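This report covers a ligand shell and a stretch of paired strands. Look over the sequence and the fold before reading on.

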Amino acid sequence: MILVAEGLRKLYGEFCALDGVSLGVAAGEFVSIIGPNGAGKSTLINILTGLTPPSAGTVRFKEREIHGLGPVRLARLGMARSFQLVHIFPDLTVLETLQAAVVARLGRGTRLFASLARDRDVQREALEVAELFRLSDKLGALARHLPQGDKKLLDVASAFALRPEIILLDEPTSGVSTADKTAVMETLVAASRRIGLQAIIQVEHDMDIVFAYSDRIIALHQGKVLADGAPSSIQADQRVIDTVIGRRARAR
Ligand SMILES: Nc1ncnc2c1ncn2[C@@H]1O[C@H](COP(=O)(O)OP(=O)(O)OP(=O)(O)O)[C@@H](O)[C@H]1O
Ligand SMILES: [Mg+2]
């Protein structure tokens, strides 16, 4: 198991957003987390990535307790994430955004960093990621001027530029048109192979996407794991149908 969470609990005042969540993700797995609004999905991602401390429970990444490490050190260890609400710098261009991510991975500026070779490496990697995510023709565009779908892609691309071993994506296709969702997912899978990514954990509401791409699905409901299994078993799980899948189908 590359990522293991045990007994996670998160209290916001009196409110219990996560209530005893345990899970494990193995190398090679594409895991989707599903659940109705407010189920605790983003809270879970935030705890798994060290952004939010749990009220109780532990998270281990590559056998190491992540408590207190924080997102920057976790990124160095090989974990990256994207956000439900896009998390890009609005005044940077696409190229600058990707360069910043590559620089973050290669470490802080030293004298060495000033060298031309280093600059070339940064440039080459940034361009490579841009190409993977079909952003090559938008390199000079300011992030804030991008359409929502491209902002989302840029956020995910920045996470990939960190060349992580595991990536956690909070609704990577939200705000992306239905027609473009599959393209985003295909891009993601191709990019994952390219950088040798070991595992993907995504929060996703679109059940077509969830069932098409996941090796495993974890259904959350009211802060608890309702079901955790292969897509075929989740699809046939009446409680999941009632609380997650059916609800979505009716809402459409
Ligand atoms: N910082 C916070 N303070 C208080 N309550 C919070 C906070 N963050 C989340 N919550 C509450 O915890 C619950 C879970 O929120 P969370 O954002 O994890 O849900 P979610 O499953 O990601 O929902 P969505 O599908 O809408 O993104 C919600 O009831 C939310 O209102
Ligand atoms: Mg959320």
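How many bridges join β9 to strand β10, and do they run parallel or antiparallel? The count is 5 bridges, and the two strands run antiparallel.

## Basis

This is a predicted model, in which local features need pLDDT of at least 70, side-chain atom pairs count only at pLDDT 80 or more, and totals for chains, interfaces and linings use all residues. Residues are numbered from 1 along each chain as its sequence is written, while chains are lettered from A and ligands numbered from 1 in the order in which they are written.

Strand β9 covers residues 216–221. Strands here are DSSP runs of E, at least two residues; helices are runs of H or I, at least four; both are numbered from the N terminus. In β9, 5 of the 6 residues are buried, so the rest of the structure largely encloses the strand. Buried means 20 or more other C-beta atoms within 10 Å of the residue's own, with C-beta atoms placed from the backbone.

Strands pair if DSSP finds at least two bridges between them. β3 (residues 30–34) runs parallel to β9, joined by 4 bridges. Ile 34 stands opposite Ala 219 of β9. On β10 (residues 224–229), Val 225 is the bridge partner of Leu 220. The β9–β10 hairpin has 2 residues between its strands, and Gln 222 takes a positive phi near 50°.

## Around ligand 1

The shell around ligand 1 has 12 residues; Tyr 12, Ala 17, Lys 41, Ser 42 and Thr 43 come nearest. A shell residue has its C-beta atom, placed from the backbone, within 6 Å of the molecule. β2 (15–25) and α1 (41–48) are the elements that give two or more residues. α1 gives the most, with 3 residues.

Definitions and conventions:
Buried ≥ 20, exposed ≤ 12 C-beta atoms within 10 Å, placed from the backbone.
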